[in-house]
Structure formats: structure tokens, C-alpha cells
Amino acid sequence: MENSSVVHLERKAEVGGGVEDVYGEDRASEDQAITPWTVSVASGYTLLRDPRHHKGLAFTEKERDAHYLTGLLPPAVFSQDLQEKRLMKILREYKVPLQRYMAMMDLQERNEKLFYKLLIDNVEELLPVVYTPTVGEACQKYGSIFRRPQGLYISLKEKGRIREVLKNWPEKSIQVIVVTDGERILGLGDLGCQGMGIPVGKLSLYTALGGVRPSACLPITIDVGTNNKKLLEDEFYIGLKQNRATGQEYAELLEEFMSAVKQNYGEKVLIQFEDFANHNAFELLSKYRSSHLVFNDDIQGTASVVLSGLVSALKLVGGTLADHTFLFLGAGEAGTGIAELIALEISKKTNAPVEEARKKIWLVDSKGLIVSSRKESLQHFKKPWAHEHEPVKELLGAVKAIKPTVLIGTSGVGQTFTKEVVEAMSSINKKPLIFSLSNPTSQSECTAEEAYMWSEGRAVFASGSPFDPVEYNGKVFVPGQANNAYIFPGFGLGLIMSGTIRVHDDMLLAASEALAAQVTEENYAKGLIYPPFTNIRKISAHIAANVAAKAYELGLASRLPRPKDLVEFAESCMYTPVYRNYR
């Protein structure tokens, strides 16, 4: 090391929550001083503009002298904790959630470690700010609030040279990519290039909740145009002003992208597909799951977190999964993904064929109950759910006919679990399970208050976006949040730390079981079916360990030998955003 300059240092992929960092952070203990390298030693004004090393007023007087910062900062010296306290005070004074989002994004661009420390220490308060529901509004207004680019934009204009574009990204050892084409952002539809807020938000959670090093994360938006007329006519729209490319043109661009990523970053880079439209989401997952390490959070992450909630809820309602009947409103990526994972779990627990397990699960789409008489006109991913039954047009009619014990909403349409629907569920079941999963809050099938009031306090309720506790008849009900952020950060960490080369469905089941195991008796006593987010890093470590254990069992892990204690190993891999002393 003595004889090589930092320019010639090889950036090898490491576990340590990310890549091997040339700054020596992984090798130095927290109280050892490190050197803040960029291409040369960062100092003066350059150091204050480098978000990875910037500490604001936390630079000591000795550091200010050594790095030519004297006079460039006010004389006060703050600790990182005091900076955090000050920023949380400022954030709480903002009344508009979008202002908080913008303040957090500014902080991320200015002082990376402080951003992640704020997020980790105040996760329950800030998660709705950096992710759903506020990120939805941020994507809608991305053109107006756009200040400086975050992530990598690959458009049709770059066709034929995508690998060259990937090389423009400053970090060379990438472990996780979150990519979107912006066609189906949350429940808000086609936001085109403005969907970048989603990969950026997801990757900040990979770091804060799963401990993946920020430098190992790459957010990407693939811009193939947009069919959103309002955006096409908006003079401030930041993307390609043309209708979406489809068919062969689209497929060729994605093929080039997937190939370039693998060539650039290797076999073990995790590619997470995010907010693609249904037809492309299923196609991409099916096409690349055998050749790349790919994961679709809308299909697989949602399924895993919902299955975990259902397994937990059995403690409150009794019986096994196989004893229950499930009815879904919504038969897209999330709905069919959840349904398939439930069927797989029932199949595993009962040793029955998965085709048999599917018969316990019914889906309603925009045309009514999915039944066998509709099979010819159904999209391929809906066909496994077409069971023998007379046609039923409305959700209420389906509830009365199927008599489900569990009602799950993934429709992306708000206020569809009406008073009549919830009352019908309550007349059939002593404790109806009602999961209203569509995001953001405005698209939720019903609110927590409606679910508890209309069921007279008997519903076991969970939602996709957060709802406040509800008081009904003198009792306080705390709604669960079936948030994918419980699953994907730990799931990704498990894949990275074990060097897994392919995602297998059994890993999703392992993640669900690990999450359900983290719910305590104290949580159940409050009616909670998910553990509090305050313990999320501990939860993520357990999920990562379970996923890695399954990868080793299936022979898909390449990191050998297998660590003795996987939970301890997961915790040791996690990035910690504490300031370091500079020599």
C-alpha cells in the first residue's frame, strides 16, 4: 500500500456493507484517524463540498487547521448528535411534507453521514418523508423541485452505448442497482423520467435500514418516453418528450442494459426492478431471473412482507394459512405476486401441490371475479387464479359468494373497501383480516379508522402507507404497516453478504419467516402484526441471516467458507454513519 498512489488502488468488491473503501474506514476502528481521500487528499473548500467527508460544524479545531478549513466555517464546534438535534428541530417546523423531503434530499447531497444518521435514529418519523407517501408527491413534482441530478439516466438516445454511460458513474464497484422506467410509479401511473425519486428513495433505505454502503448503490432511470400527456406538454419536464417505446425497441434497450450491467459490475450485482408496468414487470422477471441476480420489489418484496403479516396474524385469529380463504382486489404485480407466495407457503406446510393451494385464493380485477369462464381473455399471469365459479361483477358480491377470511387490496384505487364490504367481512368473520395495501395514502382501499369503525373494532388491519393509531370505544388500535422496507434492505444484504448469484422463491419465504419471528408477545398484545420500525436494523440482520442461510442450503452462495454466526456476520457488514476523525 505504501508504494501505490490512491489513483492506482484497485476497488475490489467487499462485503463490509459495500465496496472496499480506499479511505481505510473498514480497517480502522471508529476512534482511529483516517485520511479523507478523493483523487488527492480533500482539503479546504473541496472538503466542504464532498458529501462523503463533509462534517459541517463537527470538524475539530485541529482538523480545521490540518485541512485548511479555518475561516471557512463559523467558530463553533458541534458534535454529530447536536447537529442531528438541530436538524430534527428544523424538519419538525416544516408543515408541508414535501418541504421535509426536499430538506432531506439537500442534506443527503451535502452531508451523507448525517443524512443516514438522522434516518436511522428517527426511522419511524422520517420513513414517510423519504419514502411513501411523500416520495409519490415528489415524483409528481420532480421537474419543479429538481436541483441537481441524482442517479444515472439512460434514455433511448444512449442505445448502443449503455456500457459507456455506466462508466460515467464515479463509483466502480456497485452491489445494488434499483432501476425503473417510471411507467407505474406507486399508484400514480406513468411519471416517465420523474420516477427517479423511487430508486433514490429505495437505495437510501438499503443503506439506512439494511446497512449497504452508499457508494455500492446505484439508482437508475431508463427513459423510453412517457404516455402522460400532461408531462409531454409541460415545458419543465426533464425527460424525453415522446410517447413510450414498446415492443422490440423497448426489449432491445433492456437487453443491452442488462448485458452492460453484468459486464461492468459482474455476476453478483443485485438488480432490483421497481415500478415497471405489469406487462413488462412479469416479462423482465421471467426473462432474467435465470441469468442475472434480479428481484422485483413490487411482485416479490410486497409478497414477502404481506405473507409475513399473515403468518403473524394467525396468532391473533387462529388456524393455519391453509385454513383461511383469501380474496384479493387487484390482480396486477402485487396481487398475483402475494397470491403465489401464499400458495407456495401453504404447499410447503401441507405437502399439497401448489395448484391445489391456489384454490384457496381468489382474485377480483376491474372486470370482476377471475373465474374459469374468463380464461381465454385473461393475461397469462392471471390464468392460474381462474377457478370454477359463476361470474361476479362487484367486490361486495365476491365477498358474499366466496366468504373470505382475509381481504387484501392491491388495486391502486382508493376507497374501494366500502362500508358495505367491511361490514360483510365482519358478518362472516369474528376477526376479519383486512390488508389495504395500495400506495400512497390517497390510493389506500380504506383507512385504518374506517376499517376499525365499520368492523366495530374487530378487524386486524394493515396498510401499505402509514396511518395514525385509532381510538374506538375507548380502545386504541395501532394499525400495522405492510411496508416493503421491512423486507428488501435485509433481503438485499443477505444476498450481498453471501455472494448469492440467483434469487430463489424459497429465499422470499425465509425472509417472511424471519420477519414474522421478530414480532413479540408485547406487539401482539397491542394488536400489531409487524414489529416496530425502531428495531429495523436488528430485524434486517435477522432477515439477511435467514436469506443467506437459505442461499447456502440451495448451493447459490459463492462466499466461502460460510460464516459460523450469520446474524453476527450481517451486523458486522452494516455501514455505520458515524463521523470519523481526520488526520
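## Nonpolar cores

A nonpolar core is a set of buried Ala, Val, Leu, Ile, Met, Phe, Trp, Tyr and Cys residues joined through side-chain atoms within 4.5 Å. In this predicted model, the largest such core holds 116 residues, of which Leu-310, Ile-342, Ile-408 and Phe-491 touch the most other members. Helix α23 (residues 536-553) supplies the largest share of this core, 10 residues. Another core, of 36 residues, lies apart from it; Leu-166, Phe-276, Phe-282 and Val-294 are among its members.

The surroundings of Ile-342 can be listed by residue. When neighbours within four places in sequence are left aside, Ile-342 is in contact with Leu-307, Leu-310, Phe-326, Phe-328, Ile-361 and Ile-408.

## The seven-stranded sheet

Strands of a sheet pair through backbone hydrogen bonds, in either a parallel or an antiparallel sense. Here, 7 strands form an open sheet with mixed pairing, in the order β8-β7-β6-β9-β10-β11-β14. Strands β8 (368-369) and β14 stand at the edges with a single partner strand each, so one side of each has no neighbour in the sheet.

## Strand β11 and its partners

Strand β11 (residues 460-463) is covered on both faces: Val-460 and Ala-462 are buried on one side, and Phe-461 and Ser-463 are buried on the other. On the β10 side, strand β10 (residues 433-436) pairs with β11 in the parallel sense over 4 bridges. Within this pairing, Phe-461 in β11 is the bridge partner of Ile-434, and Ser-463 in β11 stands opposite Ser-436.

The pairing with β14 (residues 480-481) is likewise parallel and consists of 2 bridges.

## The β-α-β unit

Together with helix α19 (residues 448-454), strands β10 and β11 make a β-α-β unit that is right-handed.

Definitions and conventions:
Residues are numbered from 1 along each chain as its sequence is written. This is a predicted model: local features need pLDDT of at least 70, side-chain atom pairs count only at pLDDT 80 or more; totals for chains, interfaces and linings use all residues. Side-chain values use heavy atoms; hydrogens and water are left out. Buried means under 20% relative accessible area, exposed over 50%, partly exposed in between (1.4 Å probe, protein chains only). Two strands pair if DSSP finds at least two bridges between them. A crossover is right-handed if, with the strands pointing away from the viewer, the path from the first strand over the helix to the second runs clockwise. Contact means heavy atoms within 4.5 Å.
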